[in-house]
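Look at the sequence and structure below before reading on.

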Amino acid sequence: MRHGVVGKSYCKPSTHSYEFPTIFSGARDIAIHGKANSEILKSKALSDVNAGKLPQALKKAQLGAKKFPKDADYHTIAGFVLTQMERYKQSIPHFVEASRIKPDDVQIVENLANALMQTGQIPKALGYAEEKAAAISRQP
């Protein structure tokens, strides 16, 4: 039996045989696997951000936004990457969509206001920030 090296520890290949289904068995499985795939893609996008691989991170975030349109994190990541690339105007639609999905997320509000200010839309940025701050403060 061969042993593989993982880091500094040694792993023994499993002697158990597992059979993986070729298709999912129902909506619950699809939802579970879809969420897992979403988290994997998100993790890869964030790893690329942390590694400074901004174009790769942007591609993954945009793919995630397309495949998982109800997940605000992908729009937030895409908007963040675009601001890091100083492409503020292109980041705005991503932050707008993220804010639509998660209207109470203060970080998204701040990111959108910043992108608006960077593109010279200061009155719009201030109005948006004030409107969101008022809406958030009215919540219980």
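## The chain as a whole

What percentage of the 140 residues in the protein chain is buried? Buried residues make up 30% of them. The model is predicted, and its accessible surface comes to about 9,900 Å². Carbon and sulfur atoms account for 57% of that surface.

The secondary structure consists of six helices and two strands. Starting at the N terminus, the order of the elements is β-β-α-α-α-α-α-α. Among contacts with a separation of 6 or more, 42% are between residues 24 or more positions apart.

## Confidence

The average pLDDT of the protein chain is 79, and 75% of the residues score at least 70. Over residues 1-32 the pLDDT is below 50. Beyond near neighbours in sequence, this stretch has 15 contacts in the model. Where pLDDT is low, the predicted coordinates should not be read in detail.

## Helix α3

Helix α3 covers residues 72-84, which is 13 residues. From its first C-alpha to its last, α3 reaches 18 Å, close to the 18 Å expected at 1.5 Å a residue.

Is α3 mostly covered or mostly uncovered? The helix is mostly covered, with ten of its 13 residues buried. Among the buried residues are A72, Y74, H75, I77, V81 and L82.

## The two ends of α3

At the start of α3, a side-chain oxygen of D71 comes to within 3.0 Å of the backbone nitrogen of D73. Just after the helix, E86 has a positive phi of about 60°.

Definitions and conventions:
Residues are numbered from 1 along each chain as its sequence is written. This is a predicted model: local features need pLDDT of at least 70, side-chain atom pairs count only at pLDDT 80 or more; totals for chains, interfaces and linings use all residues. Side-chain values use heavy atoms; hydrogens and water are left out. Helices (H or I, at least four residues) and strands (E, at least two) are DSSP runs, numbered from the N terminus. The expected span of a helix is 1.5 Å times one less than its number of residues. Buried means under 20% relative accessible area, exposed over 50%, partly exposed in between (1.4 Å probe, protein chains only). A polar contact is a pair of N or O atoms within 3.5 Å; within protein, one must be able to donate a hydrogen and the other to accept it, and residues adjacent in sequence count only if both atoms are side-chain atoms. pLDDT is the predictor's confidence in each residue, from 0 to 100. Contact means heavy atoms within 4.5 Å. Accessible areas come from the Shrake-Rupley method with a 1.4 Å probe; for residues, only the protein chains shown count as cover.
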